[in-house]
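Try each task before reading its solution.

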Amino acid sequence: MRRSSGPGPTSSRAPRIRPVEQHDVGDRQLDALLERLDRIADELERLNRTAERHEGFLLVAKEIHDLQESLNALAYAALGQAPPHVTRRRAS
């Protein structure tokens, strides 16, 4: 049974950000907010670096895979044999 799509703990929608009433922010509060924003920015930079490394590893893995297939073809050619025909399923 499916529940309503309204906000709640079982909802798959992201929580909505509610507007905050405008008021003066004290220096200490502003410093705390800026410090928190700096930590968030640092974390985003770390996540971006991790994602870039991950993309680099995927490229290297594909190149190694292609190289392995080429080496196998060369090895069979050196032996004067045709490589075995293997049908591979595409990853989705």
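**Exercise 1. Arg-39 and its partner**

Task: Decide whether Arg-39 is buried, partly exposed or exposed, and find the residue with which its side chain forms a salt bridge.

Solution: Start with the accessibility in this predicted model. Arg-39 has a relative accessibility of 43%, so it counts as partly exposed, since that class lies between the cut-offs of 20% and 50%. Finally, check the spacing: Glu-35 and Arg-39 are four residues apart in helix H1, so about one helical turn separates them. An α-helix has 3.6 residues a turn, so residues three or four places apart point the same way.

**Exercise 2. The other salt bridges**

Task: How many salt bridges does the chain have by this rule, and where do Glu-43 and Lys-62 find their partners?

Solution: The count comes to three salt bridges. Take Glu-43 to begin with: its side chain meets that of Arg-46, at 2.6 Å from N to O. These two residues sit three apart in helix H1, about one turn of the helix. Glu-43 is partly exposed at 35% relative accessibility, and Arg-46 is partly exposed at 39%.

Now move along to Lys-62, which forms a salt bridge with Asp-66, their closest N and O atoms lying 2.8 Å apart. Lys-62 and Asp-66 are both in helix H1, four residues apart, again about one turn of the helix. Both count as partly exposed, Lys-62 at 48% relative accessibility and Asp-66 at 28%.

**Exercise 3. The helix itself**

Task: Work out what secondary structure the chain has and how the span of H1 compares with the expected one.

Solution: The chain has one helix and zero strands. Helix H1 covers residues 27-78. Its 52 residues reach 76 Å from the first C-alpha to the last, close to the 76 Å expected at 1.5 Å a residue. Just after H1, look at the backbone of Gly-80, which takes a positive phi of about 75°.

**Exercise 4. The surface**

Task: What share of the chain is buried, and which residues make the nonpolar surface patch?

Solution: Buried residues make up 0% of the 92 residues. The accessible surface of the chain comes to about 9800 Å², and 56% of it belongs to carbon and sulfur atoms. A nonpolar patch of about 700 Å² is made by Val-25, Leu-30, Leu-33, Leu-34, Leu-37, Ile-40, Leu-44 and Leu-47.

**Exercise 5. Confidence**

Task: Find where pLDDT stays under 50 and decide how to read that stretch.

Solution: Begin with the whole chain, which averages a pLDDT of 82, with 82% of the residues scoring at least 70. Then turn to residues 1-6, where pLDDT stays under 50 and the model has four contacts beyond four places in sequence. Where pLDDT is low, the predicted coordinates should not be read in detail.

Terms used. Residues numbered from 1 in each chain as written. Predicted model: local features only at pLDDT ≥ 70, side-chain atom pairs only at ≥ 80, totals over all residues. Heavy atoms only, no water. Patch = residues over 30% accessible without salt bridge, like charges linked within 9 Å, V, L, I, M, F, W, Y side chains within 5 Å. Areas by Shrake-Rupley, 256 points an atom, 1.4 Å probe, with all protein chains shown as cover. Salt bridge = Lys/Arg side-chain N within 4 Å of Asp/Glu carboxyl O. Buried < 20%, exposed > 50% of the residue type's maximum accessible area, 1.4 Å probe, protein only. Expected span 1.5 Å × (residues − 1). pLDDT = per-residue confidence, 0-100. Contact = heavy atoms within 4.5 Å.
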